[in-house]
Amino acid sequence: MHSNNVIRGTRIGSAPERFDQRAAPAPRRPVVYWCRQRHRVEFLIAAEAETPASWDCPRCGEPAGPDPGNPPGRSRAEPYKTHLAYVQERRTPEEGEALLAEALAALRHRRGRA
């Protein structure tokens, strides 16, 4: 019995059976950037696309530029902040105490200790 299932015998992500059905990829060109740590960042970009001024280095996270002798400066001048530092920026100590009291009351209620 013949099935009308078009994807029978194929797997997800596989190429078409006939080569004439394949589409040609868009024209691309390689772009190379350098960061302050001298990491080389190379990727392909569409041939007609405008090249970005900077690109984040996947190894160290710093910005990278097209000139290896003059890479861009650090992306952030401020020091690393912890999660607690961000929370303290958003809430006053009084609001924090109120939230803690509310959470403890809910926990005691769930455990049956009113």
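**Figure 1. Confidence across the elements of the predicted model.** Among the elements of this predicted protein, strand 1 has the highest mean pLDDT (94) and helix 1 (residues 83–90) the lowest (87). pLDDT is the predictor's confidence in each residue, on a scale from 0 to 100. Over the whole protein the mean pLDDT is 83, with 76% of the residues at 70 or more. Because this is a predicted model, local features need pLDDT of at least 70 and side-chain atom pairs count only at pLDDT 80 or more, while totals for chains, interfaces and linings use all residues. Residues are numbered from 1 along each chain as its sequence is written, and side-chain values use heavy atoms, leaving out hydrogens and water.

Figure 2. The protein has 2 helices and 4 strands, arranged along the sequence as β-β-β-β-α-α. Both kinds of element are DSSP runs numbered from the N terminus: helices are H or I with at least four residues, strands are E with at least two. The 4 strands form an open sheet in the order 2-1-4-3, with antiparallel pairing. Its edge strands, strand 2 and strand 3 (55–56), each pair on one side only. Two strands count as paired if DSSP finds at least two bridges between them. Strands of a sheet pair through backbone hydrogen bonds, either parallel or antiparallel.

**Figure 3. The hairpin of strand 1 and strand 2.** Here strand 1 (residues 28–35) runs antiparallel to strand 2 (residues 40–46), and 7 bridges join them. Arg29 has Ile45 of strand 2 as its bridge partner. The hairpin has 4 residues between the strands, and Arg38 takes a positive phi near 65°.

Figure 4. Strand 4 (residues 63–65) is antiparallel to strand 1, with 2 bridges between them, and Cys35 stands opposite Ala64. Strand 3 is also joined to strand 4 by 2 bridges in the antiparallel sense; in that pairing, Trp55 stands opposite Ala64.

Figure 5. Which residues make up the largest nonpolar core? Its 8 members are Val31, Tyr33, Cys35, Val41, Phe43, Ile45, Cys57 and Ala64. A nonpolar core is a set of buried Ala, Val, Leu, Ile, Met, Phe, Trp, Tyr and Cys residues joined through side-chain atoms within 4.5 Å. Buried means under 20% relative accessible area, exposed over 50%, and partly exposed in between (1.4 Å probe, protein chains only). Look also at His39, in the loop between strand 1 and strand 2: His39 counts as buried because its relative accessibility is 13%. Beyond residues up to four places away in sequence, His39 touches Tyr33, Trp34, Cys57, Arg59 and Cys60. Contact means heavy atoms within 4.5 Å.

**Figure 6. Two salt bridges.** The structure holds 2 salt bridges, each defined as a side-chain nitrogen of Lys or Arg within 4 Å of a carboxyl oxygen of Asp or Glu. Side chains of opposite charge can pair when their charged atoms come close. One links the side chains of Arg40 and Glu42 (3.0 Å, N to O), and Glu42 is partly exposed at 45% relative accessibility. In the other, the closest N and O atoms of Lys81 and Glu89 are 2.5 Å apart. Is Glu89 buried or exposed? With 52% relative accessibility, Glu89 counts as exposed, whereas Lys81 is partly exposed at 26%.
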